[in-house]
Amino acid sequence: MAPILKSAAALQRMREAGRIVAIAHEEMRRAIQPGVTTKQLDTIALTVLRDYGAEPCFLGYAPGDHPPFPATITASINQELVHGIPSRDRVLQEGDIIGIDVACLYQGYVGDAAFTHPVGEVSRSARRLLQATEAALAAAIQASVVGNRISDVAKATAKCAGRHGYSVAREYTGHGVGSAMHEEPQVPNWWNSKRSKHQWEDCELQAGMTYAIEPMLIAGRSDLVEQGDGWTVVTKDGSLTAHFEHTIAITEEGPWILTLL
């Protein structure tokens, strides 16, 4: 299926959806500290979204054989790569890092973004991982220009991760965003030029395309395991992970980040 090219009016609505997500991010960043629960962060995000007339995309989301997701955000701590479920029992500890993903639907369009944040003082190695993951996101955004291909975006992510000594999540990808949370194209964090089970459509980037880029870097091996809750994905070797994401639009003038304040 070909990517859906967005009109100028659609892009403006996506920008507003993205701005609401960015506001939720900012409110949660202010709240992150030792002793705070992931459920409290989830409540903050839901309040922001509804205050601005948006609805959470994750709440009740149930693709494939997954159970309905029970929260507004995903909150993934330390070795949890993605899809952690917020809980009153998950209390943030000094030295943790927490990845938070939020998506909202506003006036028919989706904004989707994620960040990973330190809890209090964290180790030097954890800070280095966060910095490298943000750098990988920046490199992938820079590669998102008219005339490039999805493979160029994927290779930019992988090259940056490798340069810093990290592996990337191979089974989980970025994705098109628009009136639905998941559209074409898929935007992987690596690229294998040989045909394999992990081979995605290598479409050319055109003005009007919109997608979420989400580098997921891992301090150890890239092997992952899904937990018994049907959602939380962790590293098999227990190594730290970080996850950053922005929704962008491809324009003739260059990439436009839609999920900023």
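Start with the open sheet of 3 strands, which has the order β3-β12-β11 and antiparallel pairing. At its edges lie β3 (80-82) and β11 (224-226), each of which pairs on one side only. On average, neighbouring strands of this sheet are turned by 40° against each other, direction ignored.

A few words on terms before you click further. Strands (E, at least two residues) and helices (H or I, at least four residues) are DSSP runs, numbered from the N terminus. Two strands pair if DSSP finds at least two bridges between them. Angles are taken between N-to-C directions and run from 0 to 180 degrees, with axes being lines fitted to C-alpha atoms, for helices over the stretch in contact.

Bear in mind that this is a predicted model, where local features need pLDDT of at least 70 and side-chain atom pairs count only at pLDDT 80 or more, while totals for chains, interfaces and linings use all residues. Residues are numbered from 1 along each chain as its sequence is written, and side-chain values use heavy atoms, leaving out hydrogens and water.

Next, select β3 together with β12 (residues 233-235): 2 bridges join these antiparallel strands. Click on Glu80 and look across to β12, where its bridge partner is Val234.

Select helix α1 (residues 8-31) and zoom in on Glu16 and Arg19, which are 3 residues apart and so separated by about one helical turn. Their side chains meet in a salt bridge, 3.1 Å from N to O. To read the accessibilities, note that buried means under 20% relative accessible area, exposed over 50%, and partly exposed in between (1.4 Å probe, protein chains only). Glu16 is partly exposed at 33%, and Arg19 is partly exposed at 28%.

Stay in α1 and move to Glu26 and Arg29, again 3 residues apart, or about one helical turn. Here the closest N and O atoms of the salt bridge are 3.8 Å apart. Glu26 is partly exposed at 27% relative accessibility, as is Arg29 at 30%.

For the last pair, select Arg50 and Glu55, whose salt bridge has its closest N and O atoms 3.1 Å apart. Glu55 counts as partly exposed at 39%, and Arg50 does too, at 43%.

Technical notes. A salt bridge is a side-chain nitrogen of Lys or Arg within 4 Å of a carboxyl oxygen of Asp or Glu.
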